[in-house]
Amino acid sequence: MLLPQATMSVPCVLTTAARTFTLAAGGLLRSRLLCPACSTITRKMSSERQMDHLERTANNNRQNAVYTAKVCGMMNESDTVKRLRLAVPPDFNFRAGQWVDFFIPGMETVGGFSMCSSPGLLQREGVIELAVKYAKHPPAHWIHTQCALGSQVAMRVGGDFFFDPAPSEPSVDLLLVAGGVGINPLYSILLHAADLLRCGHASGGRDYHIGSTHLCYSAKNSPELLFKNTIMEVCQEFPDKLSCKFHITQQSTNFEQQLQPYVSRGRITEAELQAHVDPQRTLCYLCGPPPMIQALSQTLTDLGLPKDRIIFEKWW
């Protein structure tokens, strides 16, 4: 059975005035408080409708803390994707690749969005960024139609898909494979790798041991390649460590000149993956539509990459 619907009061730590706002948490409770006898019914219902974010991620690790945040920047990343910058409290933290439960005041449905910024940006400026594609799903629709500068929300960090090496760990080579908006957590990981490389240069190589990182990123057309300019810039900053290839699947027109060295037509190929797979060193992160993850996971396994070195998001 379900416990009675409750409310959650979250202190607004981002303003000088002592204010609170209330979030309906019925959806939050449902994923955690179902009795064991109801599990069979839940699975049957889930097969008949699209599961929401909390149901999909019920078995993922989460932080306990729920933090308030304030929208301090907005921009259109593409025709269909809006990018938010959110100011967060000083004790907010996350690992590159993780997501947030996204609570909107007055809305029962909880969103789930991956961070597309690096932990380094959080340390430097006290902000995180999310890139959200337009959809009729209430949280995404709210972001595209009602969210404004100064809007306040609440967030809780979760996810087991992350890259967070310790300075003492041996280096690994990263292979990042993204499809569509699956680029978000992988972009965070790419930026984190670049930040760690900068730390290594600043310390004379005494800190983190960072291997190579290659990004394979597939999209329908070049306007839908999110963050492409920054991706190219960091690859140019560390040409011996970072590389990328953009794969465009549905564009007949010519590509922009600056993209041409990095782009190819068609899907991600086995040959490209093989060129960046070393079964002893490579750690692969996959994020994209389920059919893509399934197909490329099998390809990587066939290339000899152990299954425990193939990491992918499971809640798409």
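Which strands does helix H5 lie across? Helix H5 (residues 138-145) lies across strands S3 (67-76), S4 (81-87), S5, S6, S7 and S8.

This is a predicted model, in which local features need pLDDT of at least 70 and side-chain atom pairs count only at pLDDT 80 or more, while totals for chains, interfaces and linings use all residues. Residues are numbered from 1 along each chain as its sequence is written, and side-chain values use heavy atoms, leaving out hydrogens and water.

**View 1. Helix H5 runs at about 105° to strand S7.** Axes here are lines fitted to C-alpha atoms, for helices over the stretch in contact (heavy atoms within 4.5 Å). Angles run from 0 to 180 degrees between N-to-C directions. Helices (H or I, at least four residues) and strands (E, at least two) are DSSP runs, numbered from the N terminus.

**View 2. Six strands form an open sheet, in the order S6-S5-S8-S3-S4-S7.** The pairing is antiparallel; two strands pair if DSSP finds at least two bridges between them. Strands S6 (111-114) and S7 (127-133) stand at the edges with a single partner strand each, so one side of each has no neighbour in the sheet. On average, neighbouring strands of this sheet are turned by 40° against each other, direction ignored.

**View 3. Strands S5 (residues 99-103) and S8 (residues 152-158) are joined by 5 bridges.** Look for phenylalanine 103, whose bridge partner in S8 is alanine 154.

**View 4. Lysine 228 belongs to helix H7 (residues 228-237).** Lysine 228 is buried (under 20% relative accessible area, with a 1.4 Å probe and protein chains only; exposed is over 50%, partly exposed in between), at 16%. Leaving aside residues up to four places away in sequence, Lysine 228 touches Ser222, Pro223, Phe246, Glu256 and Leu259.
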